[in-house]
Amino acid sequence: MSRHVRKTGEPSAFSRVAPEAGLLLGAGRAILMQLAHPQIGEAIAQHSDFASNPLSRLMHTLGYIYALSNGTAEQQRTMIAYVNGAHRTVRGTRNEAEGTPAYSALDPRLQLWVAATLFDSARVIARQVLAGDGAHDEELYQQYSLLGEALQMPKDLWPATIQDFDLYLEQALAALSTTGRTRQLAEDLFAARNAPWWIRACLPLMRDVTIAQLPALVRDQFGYELSKKVHRRNAVAIAAARMASRVLPTAIRHLPMKIMLRHVDRMTPGQH
């Protein structure tokens, strides 16, 4: 039985919700929550091309989500192999002089946090733009654990219920902290100087939506202000996404997923 299908033959909650294009409004939120984790932020700064190609992490994260939620077995194997390969050499020791922490991308606790940011950002946006009560959908919550389990995260590390998850999230948010380097990486994400012009044109709005949607603790860590302009532009973007989720056909709403899965098909073994 496919992980995307219930025993009744109906699609799973994960496979229904994850492809919705409206959820892309939470992508920047998830990435900044990851950057604000001291170990993950340091790992990204030291071992990735984020500064020169900040959209790469977003693209591969989307490919991973779409493959795990709706991809073929081959697409899932490709993305799992890609992420595992990319993570294998990402490690560092504590630097007392700079005050930077030790880290390893294979640490299950860090994988838990990455999966947690993806679920929390999805439910925050889903609550605002999708019909239904995805924010309290226990089935959807349990299936998002696949994003961590497909790597090295033990299944029992994922909080048992949404209520347990909320407690974990509250504690984790209180432990986040940014540095000058990670704050600059956030600005690099929204500048995306090497991206096509049509992507760069959308990024100022994406920046404002991200600032508005961030947990207050994370927003403060990055030094962002929830101004009237940011609040207004976020409201317009959310209203447009909510309308689009109701009037556009499924084929259009799921187009980003289809494009990303075609990219996964073109990936070769060992590509990083």
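Reader: Which side chains meet in a salt bridge at 3.6 Å, N to O?

Author: Good place to start! This is a predicted model, and in it the side chains of Asp-188 and Arg-193 meet at that N to O distance. The pair counts as a salt bridge because a Lys or Arg side-chain nitrogen has to be within 4 Å of an Asp or Glu carboxyl oxygen.

Reader: Is Asp-188 buried or exposed, and is Arg-193 buried or exposed?

Author: Buried means under 20% relative accessible area, and exposed means over 50%. Asp-188 has 8% relative accessibility and counts as buried, whereas Arg-193, at 59%, counts as exposed. The salt bridge between Asp-107 and Arg-109, with closest N and O atoms 2.9 Å apart, can be read in that way too: Asp-107 is buried at 12%, while Arg-109 is exposed at 56%.

Reader: Which residue forms a salt bridge with Arg-253?

Author: That is Glu-20, and the closest N and O atoms of the two are 2.8 Å apart. Arg-253 sits in helix α15 and Glu-20 in the loop between α1 and α2, so the pair ties together parts that are 233 residues apart in sequence. As for burial, Arg-253 is buried with a relative accessible area of 15%, and Glu-20 is buried at 9%.

Reader: Which residues are linked in a network of salt bridges?

Author: Look for Arg-29, Asp-120, Arg-123 and Asp-166, which are joined in such a network.

Reader: And how many salt bridges does the count come to?

Author: By this rule, the count is 10 salt bridges. Happy exploring!

Methods: Residues numbered from 1 in each chain as written. Predicted model: local features only at pLDDT ≥ 70, side-chain atom pairs only at ≥ 80, totals over all residues. Heavy atoms only, no water. Helix = DSSP H or I, 4+ residues; strand = E, 2+ residues; numbered from the N terminus. Buried < 20%, exposed > 50% of the residue type's maximum accessible area, 1.4 Å probe, protein only.
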